[in-house]
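Visitor: I have a structure open and would like to learn how to read it. Could you take me through a few features?

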Amino acid sequence: MTDLIEKGSWVEIHDVVLEAGERAPQVPQDTQRVPLQMRVKGFLSAPAAIGEQADIETLSGRQLRGKLVQVNPAYTHSFGAPIPELSTIGREVRALLHDKGRAR
Amino acid sequence: MTAQSYAAIMAQRADIMRASVGIDYERYTTGRLAFDYERLMADTGYDITAARAVQNSTCVGNTPLVELHNITALVRSVSASGKGARIFVKDEAANPSGSFKDRRASLSVHEARKRGYAGVAAATSGNYGAAVASQAAKAGLRCIIVQEAFDSAGIAQPEIAEKTRACEAYGAEVMRLSVGPELFYMFLRVLRDTGYFNASLYTPYSVLGIETLGYEIALQMQEQTGAFPDAVIATHAGGGNLTGTARGLRKAGAVDSQVIAASVDLSGLHMASDHDFNRKSFTTGHTGFSMPFTTWPDRADVPRNAARALRYMDRFVTVTQGEVFYTTQLLAELEGLERGPAGNTSLAAACVIAQQLDQAQSVVVQETEYTGAGKHPLAQLNLARRMGVDIRRGDPRESTPGQSIVIPEHPSQLAVVDIDLDHVRRSYLQHALESLPQGESLSDIDLAFLADETRISPTRVQEILNELTG
């Protein structure tokens, strides 16, 4: 039996809003070939399992329905590794200013 | 056609818009194409004093104007003798949600509350979403932000991922969509389903809210240098930033300050392409928005766009992505200001334009924005590498948007490319002809309107129209 996610859990739902053939006429070819997808987070309105249809109450208080895809979804955006092409810029321009005797 | 289909919702566009903006745009029509722009703005009731009072009540505005002494010195080191104007930046990151967009959101949210709307909604993937969410939180209104956030592979643009987080931090619902202009279709559905106020970027409220920025710059420059600025550079996308700033400068009496638009060159990349989406290292302030919106502003989510940049720009330049990343590093390491990407497009242009002016003159970069995870050169360049974009040091002129980013090796390699404004005006007038209903002709009122729009004489407008139809 699939585990049910508890009512009130902070979750994300996913829905296909427009299928590949239903896209706006002005959309370029590569975008026409893929569906328009939607992801929204909210509090689960009733117990549901991952991968099943579920209802949520969003932060604006709306009820929305979609496929339950994540529980307590993480914010994963970050900085990443330093970029070597940027790392030496400060040293270079400070040297330029120092040579000209213009640094404050 | 189902009730939710693209065509069905778009057919209700006019009614949904009327209910959600609270402005009857039809009232301002004066010709086939012409409308009374100044009356549309004035009828909101917000002059500079009223706008400042609303903004003061939520700590929006009154941001510092900072002189960039070390960047100015660096610019002078590569300038001809006697050249190298003083460079200043308006530190708009000091606003409550970290950007000048709080100014744009403030009057809309104030108006929504005054008119009794239960909430506000906005279609935006940038700082504006966080600004509306922040202002709505303070006003006790509900808020929905609709974003274009990820490609078909599920890869989120890191800057937009950060805006998702910020909006949710302010308690807003964020509807994240994959790539495509149907964002507007989903936005209409949200407005229809909720009855919320449309806090569009392009209403008079939004643009009037930015006038205070230009106004403050004029006053602060008077105070700090004894004169109005010789040039003010605005990062240019949809046109509101430049329009509002220029109007505010004029209202403060700074009528001779040159107003310069600066955009990142993303030519060759399609704005609605799923493939190109994550090959752009800038989400706004680029030519993908500024070119279409300058040559025809009325493509926005309201019937008449209050942001009409061509009326106000004296010059329009582009810079490359690599130059903006280089300049971002200069701002952090020479001035101690680690700031987000948007204003640094203008700063890259300022480093070049200052070289064209005398040392006694001044250039103002009119905004900064906050920086953080995702919203940072490191995040953008790491994603670019992952998407196969070549990143190297060298001559930025050798870069190709979407394929390569070339970061200068020396400040003397910074340059701007001037966009021919006569070409832009001609393109605007071509769009005007295309939007004229079949069988209709232009009246004298229309010609006068088009002259105001393009800043050329009605006679010259007629000449160009004759050439285009000839």
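Visitor: How far apart do the C-alpha centres of domain 2 and domain 3 of chain B lie?

Guide: They are 29 Å apart. The domain bounds come from an automatic or database assignment, which gives chain B domain 1 (6-17 + 99-203), domain 2 (55-97 + 205-418) and domain 3 (421-469). Domain 2 of chain B puts 7 residues into the contact and domain 3 of chain B puts in 9; contact here means C-beta atoms, placed from the backbone, within 7 Å. Please keep in mind that this is a predicted model, where local features need pLDDT of at least 70, side-chain atom pairs count only at pLDDT 80 or more, and totals for chains, interfaces and linings use all residues. Residues are numbered from 1 along each chain as its sequence is written, with chains lettered from A and ligands numbered from 1 in the order in which they are written.

Visitor: What is the strand order in the open sheet of 7 strands in chain B?

Guide: Strands are DSSP runs of E, at least two residues long, and helices are runs of H or I, at least four, both numbered from the N terminus. Two strands pair if DSSP finds at least two bridges between them. In chain B the order is 1-2-10-7-8-9-13, with mixed pairing. Strand 1 (65-67) and strand 13 (417-418) of chain B have a single partner strand each, so one side of each lacks a neighbour in the sheet. Strand 13 of chain B pairs with strand 9 (residues 315-319) of chain B in the antiparallel sense over 2 bridges, and there Val317(B) stands opposite Asp418(B).

Visitor: Why is helix 8 of chain B called largely enclosed?

Guide: A residue is buried if 20 or more other C-beta atoms lie within 10 Å of its own, exposed if 12 or fewer, and partly exposed in between, with C-beta atoms placed from the backbone. Helix 8 of chain B has 9 of its 12 residues buried, so the rest of the structure largely encloses it. Among the buried ones are Ile160(B), Lys163(B) and Cys167(B). Their cover includes helix 7 (127-139), strand 4 (142-150), strand 5 (173-178) and helix 15 (377-386) of chain B.

Visitor: Which strand of chain A pairs with strand 5 of chain B?

Guide: Strand 2 of chain A does, in the antiparallel sense over 3 bridges. Arg39(A) stands opposite Arg176(B). Across the chains, 40 residues of chain A are in contact with 54 residues of chain B. Helix 3 of chain A gives the largest share of the chain A side, 6 residues.

Notes. Two residues are in contact if their C-beta atoms, placed from the backbone, lie within 7 Å.
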